[in-house]
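My notes follow in the order I took them.

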Amino acid sequence: MAPLITLIAGFAVARIVGLAGFDALDSTTDALRVGLAAMFVLTGLAHFGEPRRSGLIAMVPPRLPRPALLVTVTGVLELVGAAALLVPATARWGAAGLGLLMLAMFPANVSAAQRRLTLGGRPVTPLGQRTALQIAFLVTAAVISFGA
């Protein structure tokens with residue numbers, strides 16, 4: 001739930017700043033870029049610190065090799081994508097890349113839910129709720145990528 005809260009809070013703060021006269025955030029899409037970037041900074045950093053890192057490594061489907069490396073690579077990609085979202089010239093490509101990354105990582109969420117794993121000492125998000133969140137995150141990335 002923390003990623004959704006971060007997305008919404010980042011969007012709301014950016015939108016308020018835009019409405020207050022900061023031209024760089026003067027649209028809903030600009031504010032969405034900030035919210036999604038904040039969310040991916042949060043989730044990207046989780047790939048590197050305990051106890052979340054070990055939980056993310058455990059989430060990697062068992063059939064995939066080198067789960068620790070996959071968690072590191074996806075964490076780096078999330079942080080790079082977040083940075084790309086904040087640069088208007090790269091925002092659309094960053095959002096598209098993050099959308100593809102979310103699709104590629106979704107099987108890990110399915111696997112984790114099916115195996116009833118924990119993340120940070122708490123059960124992973126149930127699959128139905130995780131799917132709804134994933135759709136919301138993908139729609140946000142699509143709005144940024146394809147424009148509104």
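**Helix α2 against its neighbours**

I began with the meeting of α2 and α4: Arg33, Leu36, Ala37, Phe40, Val41, Thr43, Gly44 and Leu45 in α2 touch Gly75, Glu78, Leu79, Ala82 and Leu85 in α4. Contact here means heavy atoms within 4.5 Å. By class, I read 8 nonpolar, 3 polar and 2 charged residues for this contact. The classes put Ala, Val, Leu, Ile, Met, Phe, Trp, Tyr, Cys and Pro under nonpolar, Asp, Glu, Lys and Arg under charged, and the others, Gly among them, under polar.

Before going on I noted the basis: this is a predicted model, in which local features need pLDDT of at least 70 and side-chain atom pairs count only at pLDDT 80 or more, while totals for chains, interfaces and linings use all residues. Residues are numbered from 1 along each chain as its sequence is written, and side-chain values use heavy atoms, with hydrogens and water left out. Helices (H or I, at least four residues) and strands (E, at least two) are DSSP runs, numbered from the N terminus.

I then looked up the geometry. The axes of α2 (residues 28–46) and α4 (residues 67–85) come within 8 Å and cross at roughly 160°. Axes are lines fitted to C-alpha atoms, for helices over the stretch in contact, with angles from 0 to 180 degrees between N-to-C directions. The crossing of α2 and α4 is left-handed, meaning that the near helix is turned anticlockwise from the far one by less than a right angle; clockwise would be right-handed.

Next I took α1 (residues 2–19), whose axis comes within 7 Å of that of α2, with a crossing at roughly 145°. The crossing of α1 and α2 is right-handed. Among the residues making the contact are Leu7, Phe11 and Ala14 of α1 and Leu32, Met39 and Leu42 of α2. The class count for α1 with α2 is 12 nonpolar, 5 polar and 1 charged residues.

**Single residues**

Is Asp30 buried or exposed? Asp30 is in α2 and counts as buried, at 18% relative accessibility (buried is under 20% relative accessible area, exposed over 50%, partly exposed in between, with a 1.4 Å probe and protein chains only). Leaving aside neighbours within four places in sequence, Asp30 is in contact with Ala24 and Leu25.

Val73 lies in α4 and is partly exposed at 41%. I found its C-alpha 9.8 Å from that of Gly44, 29 residues apart in sequence.

Ser145 lies in α6 (residues 127–146) and is buried, with a relative accessible area of 11%. Not counting residues up to four places away in sequence, Ser145 touches Arg92, Ala95 and Ala96. The side chain of Ser145 reaches the backbone oxygen of Arg92 at 3.3 Å.

**Backbone angles**

Most residues other than glycine have a negative phi, and most peptide bonds are trans. I therefore listed the exceptions I looked up. The peptide bond from Glu50 to Pro51 is cis, with omega near 5°, and Pro51 is in the loop between α2 and α3 (52–59). Arg66, in the loop between α3 and α4, has a positive phi near 50° and is exposed at 61%. Arg116, in the loop between α5 (88–114) and β1 (118–119), has a positive phi near 55° and is exposed at 72%.

Definitions and conventions. A polar contact is a pair of N or O atoms within 3.5 Å; within protein, one must be able to donate a hydrogen and the other to accept it, and residues adjacent in sequence count only if both atoms are side-chain atoms.
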